[in-house]
Amino acid sequence: MPEEILTDQVRQQLPAAGSVDVVVGIPSYNNARTISHVVQAAQAGLLKYFPDRRALIVNSDGGSKDGTREAVLGTTMDTRALLLVQHPLNPVHRLATPYQGLPGKGSAFRTIFRVVELLQARACAVVDADLRSITPEWIDLLLRPVLDLEYDYVAPYYKRHKYDGTITNSIVYPLTRALYGVRVRQPIGGEFGMSGRLAGHFLTRDVWHTDVARYGIDIWMTTTALAEAFKVCQSYLGAKIHDAKDPGSDLSAMLVQVVGSVFSLMETYAGVWPGLDGSRPTPILGFRFEVGLEPVPINVGRMVGTFRQAVRDLASVYQRVMLPAQLHELQECAALPDERFALPDELWVTIIYSFALAYHRRVLDREHLVKSVTPLYLGWVASFARQTEHEDASQVEERIERLCLVYEHLKPTLISQWPLGASEKR
Amino acid sequence: MKSFWYQAILAPLRELGRQALTSLSSLLGMLVLVLLGLLVGWLAKEVVYRVLRTLRFDRLCGRLGVGQEIERMGFVHSCSYLAGQVVQGMVILTALLAGLNALGTPLTRNLVERFFLYLPHFLAAFVILVVGILVSRFLGRSVLIAAVNAGMPAARLLAGLTRFFIVVLTVVAALDELGISRTTIIVTFAILFGGVVTTGAIAFGLGGRDLARELLQSQFRPQAKPEAEDQMNHL
């Protein structure tokens, strides 16, 4: 019997099965400052674009102490200001509940999916609670492709500053694209739309006690949708601006959860990705418009310093992961003067493939392994920042496209080494 | 005269013959036990090797860093095979001791008895040593990676110190388990450790305050604050 993650109290608060068409889920943890805005945007979007649908907003909270749940339930809005063309037939219901399980976004999503399943809702959208740039149109763009065009999964497509989302640009997007042959530009964007069928499918998987339950949920959902051939599209949402990040958030812990999840999923779908060649585009829905982006200050010198130190001090770790030639090339990069510092795309891609193989072969403790990618990743960011210093958004996008092609081009070397297990010496 | 011949020559010869026969049978018994031990040891080695290989023991050892350590020590076989060889050695040793016991002399009996009394301590010390070395390697690597990621210039020094102190503690615990000059070891360790700490404190506190400040600043303080803080959203 599957584990029930909703308490009796929450189940009693839910409307009857079949009485809700769409659900908007908002995972949260101490987001009282911003969540009211997100709830208002979601409610406005539902009233404006889905006036004849029965809708529910679910806040799945990780035990906030700052009144997040009260903010969700207490948010009010003047619907007259929305200038609605059609009067809504149904009110938008709200539910705020703490989630069960490991602390993290994944557990919050699980609760939302369970609500979707119990209510037999047709579509579900999930949006982050710290968003400042969300508009009612986002709800339409995430839900309509599911309701009207029969898509199962809607990934977001944003305009981002060239130094924003560098893990996505350097590893997650190009690697996911090369592996599964589908171009989803923001596979870990944070906002998604999905069919009730796919939400139910996610619930059946036994991943809720792994890193997926924490912050690996985004890449896990996207990969599952791609690898299991669900119908996927992207919706153009404009700019993504969210609350200032937690300064205490640890980059290496983030890498462990996200990149570790990508590597782990390579094992799950080892029967799928080796058979795929090249990549195909994914439809982008919604009106494409230009947006102004806030500058992102970065300190390239410090990143290069961390990279150089890692090449020197973590050589014993890297020797167990990389080929001697790769390590030698890294040492050559580290020896370059600051103004000429660069990490070639081919070297970067072979390094990531080497780490993926090392993860698969378990040559090191997996957490140590992925954490040791951090300074190399900072080296890539520094190199990318130097190369794109004077480039505009389209030139930067072309550069990322070239990196993606290198990932695709070198994929056969990854495949050729993948089946090798632990050494079989006697 | 006849009685003299019997008492002086024949009786001792008969006794010698009887003792020789007893010794020979004991020797034969010992030989059989050792041969049996060799056979059972070989079988045990093969069984252990195959079972461990099926259970992917080599992969586990590789993950824990034991495999690489063993390779570095010059062993050419896998961890599963080495574990089989250890079991084989223990079986043969046990058979050898049983054979010695079968000789029935007070010396061999005493030897066997003492060996079996000491064996649990020896095994416990071995386990302490192995676990301690593994923990030191794991924590040393954790410290190294975390310190490099935090941009601490003394990352290798910190990792080395972590490994060193854990290994020292492990060796002391293992020797204590073996009962080797227990008091001497503990006193030596305490004097050594206390001495290092006291010397460091005096040196840093009195002798070279400026040097200590500079050293601490250069070694343990993360790199100087950048003019512009990163405000990147990496995801």
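**Exercise 1. Find the place of A:A229 in chain A, then decide whether A:A229 is buried or exposed.**

Start with the place: A:A229 sits in the loop between α8 (217–227) and β8 (232–239) of chain A. Helices here are DSSP runs of H or I with at least four residues, strands are E runs of at least two, and both are numbered from the N terminus. Next, look at the backbone: phi of A:A229 is near 55°, a positive value in a residue other than glycine. Now count neighbours: A:A229 counts as exposed because it has 11 C-beta neighbours inside 10 Å. (Buried takes 20 or more other C-beta atoms within 10 Å of a residue's own, exposed 12 or fewer, partly exposed in between, with C-beta atoms placed from the backbone.)

A quick note: this is a predicted model, where local features need pLDDT of at least 70, side-chain atom pairs count only at pLDDT 80 or more, and totals for chains, interfaces and linings use all residues. Residues are numbered from 1 along each chain as its sequence is written, and chains are lettered from A and ligands numbered from 1 in the order in which they are written.

**Exercise 2. How many residues of chain A are in contact with chain B, and which element gives the most?**

Contact means C-beta atoms, placed from the backbone, within 7 Å. By that rule, 37 residues of chain A touch 28 residues of chain B. On the chain A side, α10(A) gives the most, with 6 residues.

Terms used:
Two residues are in contact if their C-beta atoms, placed from the backbone, lie within 7 Å.
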